[in-house]
Every structure is written in structure tokens, then in C-alpha cells.
Amino acid sequence: MTELAPQLLSVPSPSATPVEDRKASNGATLPSARIERPARREQMEESPKLTAEELSAWFGAKQVLQRVSLAIPANRVTAIIGPSGCGKSTLLRCFNRMHETVTGARATGKVRLDGQDIYARGVDPVLIRRQIGMVFQKPNPFPSMSIRDNVLSGLRLTGLLKRELAEGIMERALIQAALWEEVQDRLSEPGISLSGGQQQRLCIARALAVEPEVLLMDEPCSALDPIATARIEDLMHSLSDRYTIVIVTHNMQQAARVSDQTAFLLMGELVEFGATDQLFTSPHDVRTEDYITGKFG
Amino acid sequence: MTKAHTDREFEGELQELRNQLLEMAGRVESMIADSIRALVQRDSDLAVRTIEADNRVDRDELEADDLCLRILARRQPMASDLRFITLALKMVTDLERIGDLAVNICERAIDLNQEPNLKPYEDIPRMAGVVQSMVREAIDAFVTGDVRKARAVVERDDELDELYHRVFRDLLHLMMKDPSGLERGIHIQSVAKFLERMGDHGTNLAEQVVFMVKGKDIRHPGRLEGENG
Ligand SMILES: Nc1ncnc2c1ncn2[C@@H]1O[C@H](COP(=O)(O)OP(=O)(O)O)[C@@H](O)[C@H]1O
Ligand SMILES: [Mg+2]
């Protein structure tokens, strides 16, 4: 597993439910909560989409997550912030069992998707990575593939893709990723012929094509210019109607712009997790305060 | 108040803003004192000088606003820094309004000083004393981040309201007894009203300090929750 390119890690396994069967259950999404912004109390009453319970993680002997517990609500954008090296990416990668693909890496504690322990015996990590997709810092389309094939690559590799459904799935994914308008006339061109921002949206389309429920994004805009960044941020807002989004960002202003709640990690410890509006105006913990106001060391 | 900002230029800008606010508050405080002195000591020259001093306070407001906008645009401040900037933006408005009210008092003083005293001023200087100490304490609370002091200021507003009503009743009584004092009575009553309004701005200042320190809004209790629920 360790030598696999990261793109391939989110590919569904042959044991996964066929795409057409999952359509119905996916069709009924919760109404968008962004506009109404219900009080935090109500958010808590909804059952969370993804939870970490006492999650610790190691690389060899080095512990990089310290008993992190948090509940990520469905159909919201949750941001994870913190200084570089504090364990943001590791936390994200524990959420879809990618952490364990690194030699010598391990984790303890629980991660639950809709209440089900994703680390339980018998759970197929490949299926988990399909339900919990990932987008990386650097856009990484398959260099040899066309735009069309890039979008479909995840499904293709499973052998699940029915030929007659392919075009529809591709179009839907590209529309959801807000890229369709720009590429519909050039679907056969290589994915890497696109601009950086478009490539990142192509990667989002590729992740969406397998119909995940959760989308993990690890600093998805750090290689992009402000306009491409604004497009991705706008996209995150609209995608949160259907998907649960977790974004790691080192950019606090971005976390403040895009997220409903924010988690602040420091040296592997979850210092504070709360409504974004509150955390960035009146954080509870002095360590959060010092970090977000730029008082380091 | 906790650690210093890693970016020292940013730290310097916040310090500069704090100093601007303190200087402005100091100027406003003396305007209150001078306007009442101009009235009680029948010193119309002082009234004129105080009216002129208000130009400086107006400029203070513009300068502080300008600095706040610059910091917002360039630093995108967060948490207590953000609360400090929003506080500063509101504080200068309140301070500037207090300055305007002192000008209004001076204008009345100039009119009143041309006539014999209707009666010795007692409660008016008392009111001015309360207002001055409200402003001073609010600014003190701001500098030291002292929430308790700020809350105490909010409570003093009742004292001021009481004095105002007493002045009003006394004047009414006088004017009914002797209608020749009507015009002077109305002027004095406006002075009391101006002082009472200064007290409201002082209360605002103090409430904003609580917000800056605690991140909690104590104005209009219960309103935000009610609107959300
Ligand atoms: N593959 C790896 N092998 C060993 N240590 C790693 C590996 N990846 C990350 N780390 C270490 O784990 C800690 C957390 O890293 P990471 O989760 O990437 O932090 P962040 O995303 O917040 O910058 C860091 O100290 C980092 O050096
Ligand atoms: Mg990282």
C-alpha cells in the first residue's frame, strides 16, 4: 500500500456498492443550513457525521495526535487550523484511514462515520476512502489522462462503471465542481493542460464522481492564486449542501471565511473546537487567542 | 495584555491606536470640565475656546477611524484584536458626540452669561462631575481591561438620571413661580439634558469595554438570543 500514489487511495474497491444503487440514498440531502445558521445548540442535537474519540496517532515512536475528540456535523464546513506540524494533516488522514498507509504509522482511539467505527475489524479501508474522499494541497490530476478520464478514473479502476452511465456521472461531477462550463468543449484534452485552479476543481470532480459523503481537503488552495481560491471557497459553500466538508488550512482568514466550525490544534492536542464566528471573535482558550492574533513563541 | 504580537509593526499600530484613543478621551474630558466652568464661572471666553477645541476632537475621530480601517484592511485582526478595533471605532463616535454636547453647553453658557444668574448652580456641576468621572473610569477600565470598573460606570448612569430629573423639577418650579426666568430656565434645562446624554455615551463606552475584554455583549440583555431562537 505504501507505494501507491495518493490519488489511488481514494479509489473504491470492487466490494463497494455500485454507483446506481447509492443514488437513491444520497438523493435526499438535508436542506442547506448555511443561510439560516441555526443556533449552536441545535447543531449539536443533530447526530454528527464524523467523530473522533480519544484519537491518538504516531509515526514510529513519535506521537503526533494526543487523544483528540471532536464531532463533525453533517453538511457543514469544518476547518482545522494550527501551526505547521501540529498534526492537521495527520488528523485528516486518520479520518479516512490513510494514516495507516505510511510505514510505521499507527493510531488508537475511534473514528466513527455515522456512528460506525471505521477502524472496526472487517471494515474495508478502501470502501471508507470512497465514502470519505480527499483533495490534496497540490492539484494532482493523472498526467496521462484526459479531463474526462481523470474524472472517471476512480470509478473506472473499480470496474464498477457502466459505460452508459459514464457521461452522465462525469458531467454531474464536473458541474458540482463548478468546472463544466469551462471544460465541456475540451473533455479529451489532458487534465494537466488546465490552469492550477481548474486542476484543483478537476481533482474535486474526481473525488465527487465516486459519490463520497465526506470530503476532506488538505490545504486545497495553498498553491492557488486569490481568484482560483475564491472559486474553490465558493464551491465549498455550495458543496456543503450535499457533503460534509473538512478543510485543513494554515490560512486563518480562509478558515474564518469558509467554515461553520473551527478546530484549533496545537502540538497534536485539540485546544478548542467551536462555532467559527465565536472562535475568531472570542476564543475561550488563551492559546487559541495567542495563535489567531499572531502571538507566537 | 497577554503576549506581544510577533509582528512588531502590527503591535506598534495597535499601540498607536490605543494612544490616540487615550489622548482623545483626555481632550473630551477637559471639554466637559471647561464647558461647565464657562457656565458656572460665567467665563464666555473659556466657552469660545472650548468650542474651538472641538475641532481637534473631530480630527481625532477621523484619524482614529482612518487607522482602524488601515489595520482592518492590512492585518485582518482576529479575536481580542478584532474586538479592540470595533471598540475603537465605536468609542471615537461616542467621544466625538460628547465633545459636540460640550460645545452645545458652551453655546448655552454664552447666552446665559449675558443675563443675571437665575439661581446658583448646584446640581449641574454635580452632574458634570458624575459625567466626567464616568468617562474617566470608562477609559481607565479600557486601559486596564477592568470589567468590574466598566460595569460600575454603567451603574452610575442611574445617579445621573436622578440628578437630571431633580434639576428638571426644580427649574419647573422656579419658572412657574417667576415667568421672567422662563428663557434662562429653558437654557439651563437643556444644559442638564446635554449632560444626561453625555452620560448615555459614557455608558456606551463602558459597555464596549466589557465587550472588548469579555467578548460578551452586555447591551440590550437577551436581545440577540431572542432574535436567534
Ligand atoms: N510520514 C511521516 N513520517 C514521520 N513523521 C511525520 C510524517 N508525516 C508527518 N510527520 C510528523 O508528524 C507531525 C504532524 O505532521 P502533520 O500532520 O503533517 O502536521 P500539519 O499538517 O499540521 O503540518 C509533524 O511533526 C511531522 O513532522
Ligand atoms: Mg499538513
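Predicted model: local features only at pLDDT ≥ 70, side-chain atom pairs only at ≥ 80, totals over all residues.
At the start of helix H5 of chain B, a side-chain oxygen of B:Asp146 comes to within 3.0 Å of the backbone nitrogen of B:Arg148.

**Length of helix H5 of chain B**

**Buried residues of helix H5**
- The buried residues of H5(B) include B:Val147, B:Ala150 and B:Val153, together with B:Asp157, B:Leu160 and B:Tyr164, and they also include B:Leu171 and B:Met175.
- These buried residues pack against two helices of chain B, namely H4 (123–144) and H6 (182–214).

**Surface patch**
- A nonpolar patch on the surface is formed by B:Phe168, B:Leu172 and B:Met176, which together have about 300 Å² of accessible area.
- B:Met176 lies in helix H5 of chain B, and it counts as exposed because its relative accessibility of 63% is over the 50% cut-off.

**A:Gln254 in chain A**
- A:Gln254 is located in helix H11 of chain A, which comprises residues 252–258, and it counts as buried because its relative accessible area of 4% is under 20%.
- The side chain of A:Gln254 makes a polar contact of 2.8 Å with the side chain of A:Glu233.
- When neighbours within four places in sequence are left aside, A:Gln254 is in contact with A:Cys221, A:Thr229, A:Glu233, A:Ile247 and A:Thr249.

Conventions: Residues numbered from 1 in each chain as written. Chains lettered and ligands numbered in written order. Heavy atoms only, no water. Buried < 20%, exposed > 50% of the residue type's maximum accessible area, 1.4 Å probe, protein only. Helix = DSSP H or I, 4+ residues; strand = E, 2+ residues; numbered from the N terminus. Contact = heavy atoms within 4.5 Å. Polar contact = N/O pair within 3.5 Å; in protein donor to acceptor, adjacent residues only side chain to side chain. Patch = residues over 30% accessible without salt bridge, like charges linked within 9 Å, V, L, I, M, F, W, Y side chains within 5 Å. Areas by Shrake-Rupley, 256 points an atom, 1.4 Å probe, with all protein chains shown as cover. Salt bridge = Lys/Arg side-chain N within 4 Å of Asp/Glu carboxyl O.
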